[in-house]
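Here is a briefing on charged and nonpolar side chains.

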Amino acid sequence: MRLKLNIDISKKKHTIILIICISILFAVFGFLFYNYVETHFREEKQHELKAIADLKINQIAQWHNDKIGNADVLANSPFSKKAVQELVINSNNLSLKESLKERMLLCKESYNYEDIFLVSTNGKMLLNIANYHNLDITAIDKYSMYIAKKKISFTDFYYCPTHKKIHYDIVSPVFNETGIPVAAFIMRIDPKDYLYPLIETWPTPSLTSETMIVRKENDSVLYLNETRFLKNTALIYRNSLNRKDLPSVQAVLGYKGIFEGVDYRNNKVLADIRPVPGTPWFMVTKVDQSEIYSELYIIAGVIGGFIVILILLTSAGFFYFYSSRNKNIYLDLYNKEKELWQSQEKFKVTLDSIGDAVITTNTNGNIEYMNTMAENLTGWSYRDARGRKLDEIYPIRNEETGNKENNVVQKVMKHGIIKELANHTILICKNGKEIPVMDTGAPIFNADGSIIGIVLAFQDETEKRSQQRLLKESEKRYRTTLDNMLEGGQIIGHDWRYLYLNDTADIHNKRPKEELLGNKYMDMWPGIEQTEVFVKIKKSMEERIPQKMVNEFIYPDGSIGWFELSFQPVPEGIFILSNDITEQRRAVDEIVKAKEKAEEMNRLKSSFLANMSHELRTPMNGILGFSEILQLEEKLDIVRDIANVINKSGKRLMNTLNSILNLSHIESGEVKPESQIVNIIDVVYNSVELIRNEADKKGLKLYLESNVDSLYTLSDERMLSEIISNLINNAVKFTQEGSIKVNISNENIDSLEWAIIEVTDTGIGIEESDYGRIFDEFRQVSEGLSRSFEGTGLGLTICKKYVNLLKGSISVKSKINEGSVFTFKIPLEVEKISDIINKSEDLEKPFSEEIHTLHQNKPFLLYVEDDPTSIQLIDMFLRDNCTIDVATNAEQAVKKAKGNNYLMILMDINLGKGSNGIDATREIRKLANYKDTPIIAVTAFAMHGDRDEFLESGCTDYLSKPFEKNELFNIINKYIKNE
Ligand code: ADP
């Protein structure tokens, strides 16, 4: 910078010197030019003066000549000569006088004389125009003197005391025949008339120029005319001849030509001096130098001004060039400074923002720079630290040895980049506080590769070190934990050698860790490489992914152990965690066996129930069917009563059977509610109507109430029907007198629509303490030998289970001897209500319970059945309405179907040995004319799922045994319409 400034200052000097030189050059040029102009001008002015002087001299000479001519004409004309001679002789000749006077007057008038008069040779007045006679004495003397010269002469200027004015007279002698003057004409001139103006006038306008006529008079010079600037000078003003600076003095002293001096005013003048030929006069034609040179001064001024402007312009040019150059230089310098500043700022900000403390020093270890973090950590401000030694600002000691570590700069300069200059470094701050730091030093090189300083970076490690400490402690803790944990822990290195085993691993391996540590895994367990364990460990080792497995391990001694193993990649290799599950495994094995046994038992139970069901239903079909026939057709009351009892008992047995089967079926978890469109009103109505007969018999009123006409939802119709029937059945069963009311309503609870069905009776009621019990399996309020109502105690249990399946709830409120209210509610699928309503018209109308009589033309039916009782029963039920053909096995059925055209086939499923009813149905369906013939499965297989199976295999409908006559009629009516 200083160098730059010096250069600038010297450049400025050079510029100024250059400007001065150029200015001097311009000044010299201007001066020379002025000199030239002045010389030229002066010469010109001198020429001008000379020319004017010449002109004046010529004019005066001319004037003199003219005057001489006039005088000559007047004096030498014959008349004048003669008349003057005669007048001299006879001065009384008046006529002559008059003639001469006339001539003189004429001459005076013509040539503009002041006066003309005639004098004698001694100067006495002879004749004048104005008739005066007094002549000045000096004039008289002059006249006689000039007359004596015998030629026309001028008297020179003289002051006439008589006339008190200056006269200038021409003396023109008149000669006689012998050439002797006899008289002379005096032609008086007033110099002011012509001569003075002639002398004084200047051909060009001038303020100071004037022409003077002087003559020498004794030791002075006399001014003959009026000077321009002094009044009354003519023949009065004079100067001493000593005044050599006066042009007039020079003139009378004989100088001719141009003279520079001072005039009577002492003004500097330029004068032309010359004698006036034919006179004693000298003419001084002069002009003030100031006037002559005023023009020159203007020119000088113009030149000077021009030079000054030129110098100024040049200087301005130079200064402009200089300043613009300087501006550019300074701009350049400013930009460079700015760039430098910015880069320094950037550098500073970068250093401040890296998070590390940074210090730079020169090679002597004197601080050159430190960032904010370094200031914070050392406690030194950069300003204070600058220039100080690094050891002073950054004193450190070894945390472990406590020794001071110095000479950081020398170390770095000697070794180059050094990381962690001293391990476990502690920085001693300015205030004495000690901070653990991690430091790095590196040399700074210049462009030619030599070291110019070092940079030291360090950071606060307080947190890191405390973390390290904590880590160590926690490592120790974990190691202890690992050593003592109940799971086996082993680490196998990348080279498959054992690196670590805990105590539990010893137990799991059944050998001490000392035997294994340092040895290869596969050497310790020969054959392991062929096992799944090894494959998994290898995968985990190579792919660095955790693996898990349960493995049966056979020890060399032949014993077996089960382990849950997990393989976790760790930096050292693989960590194997083993959990001994041998005991658990045994227990599980036993549980599995027990489960399998239970499943087997379950299968047996299901099969038992199915068989039970089938085997009970088949005979019950006969019992119920025939007892029903007896009830209807027997004439003897006693037999009819017995048939009635048989029928009722059979039905009760069937109810019990159905309840048990239902419950076992629900508990198997296989029952899933269907989602059908159901009108709850219809379901309740049907249930009520089914039981009405029973209620009537007991003299109970049974009525149905509803606040809506229909209540559609998606639900399982069979379950709903079962629940409602059960509740109404119970109500009728446990009410001796009064009424049973079934109420249906819908309600919005917690923004959900619910259907609520209440069955209220006026029966025996239930103790509150029994509310819970009655929903348990096989539980009744009155139990044991004293129980007064028949029943299995399964009805409400099944109800509750169905309600749960339908996501509803059931509850009871009752008072002993007053009656009970059973309430159950199920959610309505509200959002689907509109769909349901639209489809509601398509709903099948429930069948009438009336027993239809069949068609007048008896339809031809095939009954496929191996059980003779059933054949007989069907025959008795249908003989009046249908023509029945019977086939007792599948083959016969198919054969008969081929040979006949039955309107309907009633198909038993279990047909004893050989093909069953399903096979037969499938075969018959293959026949061209039996594609759409109704085939009704009439079977004692009434377990859950049976119906669906039969329908899927080709049956049109299903009727379970035992069935009532009206059920049989209904199903036949359904498919064979009256024609
Ligand atoms: P069951 O009716 O076959 O005994 P339930 O499970 O249907 O079996 O009923 C269990 C018991 O609950 C009944 O035995 C009876 O004691 C009591 N119970 C059910 N409904 C009523 C009712 N409407 N009034 C009085 N007690 C009833």
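Buried means under 20% relative accessible area, exposed means over 50%, and partly exposed is in between (1.4 Å probe, protein chains only). This is a predicted model: local features need pLDDT of at least 70, side-chain atom pairs count only at pLDDT 80 or more, and totals for chains, interfaces and linings use all residues. Residues are numbered from 1 along each chain as its sequence is written, and side-chain values use heavy atoms, with hydrogens and water left out.

**Nonpolar patch**

- Isoleucine 20 is partly exposed, at 45% relative accessibility.
- Isoleucine 20 sits in helix H1; helices (H or I, at least four residues) and strands (E, at least two) are DSSP runs, numbered from the N terminus.
- Ile16, Ile20, Ile24, Val28, Phe31, Leu32 and Phe319 make a nonpolar surface patch of about 640 Å².
- Patch residues have over 30% relative accessible area and no salt bridge; like charges are joined within 9 Å, nonpolar side chains (Val, Leu, Ile, Met, Phe, Trp, Tyr) within 5 Å.
- Accessible areas come from the Shrake-Rupley method with a 1.4 Å probe; for residues, only the protein chains shown count as cover.
- Helix H1 (residues 2-76) gives the most to this patch, with 6 residues.

**Negative charge**

- Glu674, Asp948, Glu949 and Glu952 form a surface patch of negative charge.
- Lys and Arg count as positive and Asp and Glu as negative; His and the chain ends are not counted.
- A charge is placed at NZ of Lys, CZ of Arg, CG of Asp or CD of Glu.
- Glutamate 674 lies in the loop between helix H18 (637-667) and strand E26 (676-679).
- Glutamate 674 is partly exposed, with a relative accessible area of 44%.

**Salt bridges**

- The structure holds 44 salt bridges, each a side-chain nitrogen of Lys or Arg within 4 Å of a carboxyl oxygen of Asp or Glu.
- Glutamate 217 pairs with arginine 238 (3.0 Å, N to O).
- Glutamate 217 is in strand E7 (residues 210-217) and arginine 238 in strand E9 (residues 238-240), so the pair ties together parts 21 residues apart in sequence.
- Lysine 513 and aspartate 506 meet at 3.2 Å, N to O; lysine 513 is buried at 15%, and aspartate 506 is buried at 18%.
- Salt bridges link Glu210, Asp263, Arg265, Lys286 and Asp288 in a network.

**A buried glutamate**

- Glutamate 628 lies in helix H17 (residues 582-633).
- Glutamate 628 is buried yet has no salt bridge; the nearest side chain of opposite charge, lysine 651, is 6.7 Å away.
- Leaving out residues up to four places away in sequence, glutamate 628 touches Asn647, Phe877, Glu964 and Lys965 (contact: heavy atoms within 4.5 Å).
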